[in-house]
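Morning, everyone. I have one model to go through today. Please bring it up on the screen.

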Amino acid sequence: MAEQFHAQQLALASEQARNPLLAALNAAGQQAFAAASVPNRKTEAWKYTSLHNLLTGDFQRPASQSEFTAALREAATLGNLKAPRLVFVNGQLNNELSDALALEQVTLFSQANAAQQALISQHLGSVLAQAADNQSGSAHLFNDLNNAAVNDGVLIHVGKNQRLEQPLQISWLTTAEAQPFSLNSRLLMILDSGAEATLAEHYASDEQPQNSFTNALTELVIGDNARLQHYRLQLMQEDALHIGSTHVALARDSQYNAFHLGLGTRLTRNDIVVNHNAGGSHCELSGVYIPQNQQLLDFHTCIEHKVPHCTTNEVFRGIMNDKARAVFNGRIHIHPQAQKTLAELSNKNLLLTNTAEIYTKPELEIYADDVKCAHGATVAQLEEKAMFYMQSRGISKKEAEVMLSFGFINELLEALPDEDIAQVLRPLLARRFGRDQSLSRHLLENETAGLSGENA
Amino acid sequence: MISINNLHANVEDKNILKGLNLEIKPGEVHAIMGPNGAGKSTLGNVLAGRDGYEVTAGSVTLNGKDILEMEPEERAREGLFLAFQYPVEIPGVSNLEFLKASVDAVRAHQGKPALDSVQFLKLAREKCKAVNLDQSFLKRGVNEGFSGGEKKRNELMQMMLLEPSLCILDETDSGLDIDALQVVAEGVNAMRDANRSFIVVTHYQRLLDYIVPDYVHVLANGRIVKSGGKELALELEEKGYGWLESADNGAA
């Protein structure tokens, strides 16, 4: 089963890769992927995350043209977020909705000019390679697969001291095809020194049962004193299979602020690897996962403190419903040279049913002696006294559950610096908990009535 | 209004209420005093229907309806309101959302017309003002980071919005300075009318200077051991509870 999947993906990758600019990366990727073995239950980093639903798939390349429906259009606009965007449907750029190519900072690998090609050659695969150097197991064969297959992708280059006023939205949408298909998507973003930008990466689909496998890889190169606000939002229909990696390289005094959201699908695995490569860098990483039904959602984060005087604050929260399973593995690795590191990791989980599961493992690995680190993980059910308090005010048990669950997540949404993105997410999440609309209406009422902007 | 007959209740298999009787008519204010561990807070929790407070015998009817089989939210919709001794903080849920959900549920049950968001906001702002809370408290998480006094005023605001027929104030005076106490007492007094009754549970006579009760009961060892008028509170303040408890033990 694994062998067949492996061979099929290798063949598809070899077929797909045909951009001369990327030939060396493709060749290295193909070699690495061919040599790698597919993880199984005995592979520590995949212990609780079965690839069964992926390995049993029979994947083709996506058809050359997919129908663009109203449902996809709606998904693509992300609640009419005001943002220049690129929208891909089953791997293909949708010209109608994609206006971001007009920006000098945004291009595709296939359309890159000479200077941009030089950047791609220099950086593509370089951040990922740092993870392999770290020996932490946070680079895996799906990254090799992406290298093996990459043919086109998105390049965002924000020049020295430039500031992008609006968030950039990159949407990777899928819609079901006649045959199950697999996609490798790639994004490279480079912020030169002093640059500032907001990137909203968005994975979504229409509401039909999906038969796609997306293997996404994002590399973020954040220069001296530069600052990136990153959103990575996974809002796919639950049959979609998704493996995604985000690799970040932080230069001196730079900042990576991020919010990662996973709704949950049959299989979603996310790796986030942040490299503190020079002093003064800061990583502010938060995330939310809320799988339900029989979904499987895995977040593996790895923060590499390689040098002194860097800081990390990481907060993830999850709510598991029905028979869903979530995995959170938060590793902070403090290398021997990384004195004066300040790092904190918090992971709080709510289990809404007796059949939901969470495997949480904060891992602090510290090889320096003058550092300040803290971590904590909790698993709980909804608080009895909060439930009683709400019920004693006439609120039904079901609505109280919805409001408390939402509140647990909303605390992180309230901390987001982009209120317009928080406003897109709130109704989406509220409806997720209140499957019956009457249960989420009070959470959304203020938004719909336009009162939230009013000064009380 | 409310009839409590021979009420026995357990908490974690421990017998706390041991045959409590209390009859309250519309418009009356009854104070319940008593030493620590007498069962004062248990009474409030049992009446409001909290999980883990198990009624083993007796009956409670509110406006003629047996409430003991009702869920906490049904009791609230029937007009029972418990002001908590320690109001719960709920970060991430705004006070306004919470209040609206609460008022909608209670009004719908009582057949009153629903308030739209704009009407409700106006009403909530009025009540904020009435309890001397800044309107910014409507936007904050429920009780999140509120001081002790602010939490109690938030309880009072909820009471004003829900217009219950029976209000149970569970040690509402605890942790309040004299100014906050006066604000809360004024709020309660403003709500007193011929159709609304109060059970004021307190440890100290001080609150009863501001909320003057019609009756005072002493709860000790799970039962009411003495009842009287408001002057009983003064007597308790002077003599303590010791003389009553020993009298009760002698009687038992």
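A definition to begin with: I say that residues are in contact, or pack against each other, when they have heavy atoms within 4.5 Å. What you see is a predicted model, in which local features need pLDDT of at least 70 and side-chain atom pairs count only at pLDDT 80 or more, while totals for chains, interfaces and linings use all residues. Residues are numbered from 1 along each chain as its sequence is written, chains are lettered from A and ligands numbered from 1 in the order in which they are written, and side-chain values use heavy atoms, with hydrogens and water left out.

Helix α5 of chain A, then. Helices here are DSSP runs of H or I with at least four residues, strands are runs of E with at least two, and both are numbered from the N terminus. In general, an α-helix has 3.6 residues a turn, so residues three or four places apart point the same way.

Just after α5(A), G125(A) has a positive phi of about 90°.

Now the interface. Contacts join 40 residues of chain B to 32 residues of chain A. Three salt bridges cross between the two chains, a salt bridge being a side-chain nitrogen of Lys or Arg within 4 Å of a carboxyl oxygen of Asp or Glu. D104(B) and R441(A) form a salt bridge through their side chains, at 3.7 Å from N to O. Helix α3(B) supplies nine residues, the largest share of the side of chain B that touches chain A.

Last, E401(A), which sits in helix α9 (397-414) of chain A. With a relative accessible area of 32%, E401(A) is partly exposed. Beyond its neighbours within four places in sequence, E401(A) contacts L382(A) and M387(A). L382(A) is 19 residues away along the chain, with 7.4 Å between the C-alpha atoms.

Key
Buried means under 20% relative accessible area, exposed over 50%, partly exposed in between (1.4 Å probe, protein chains only).
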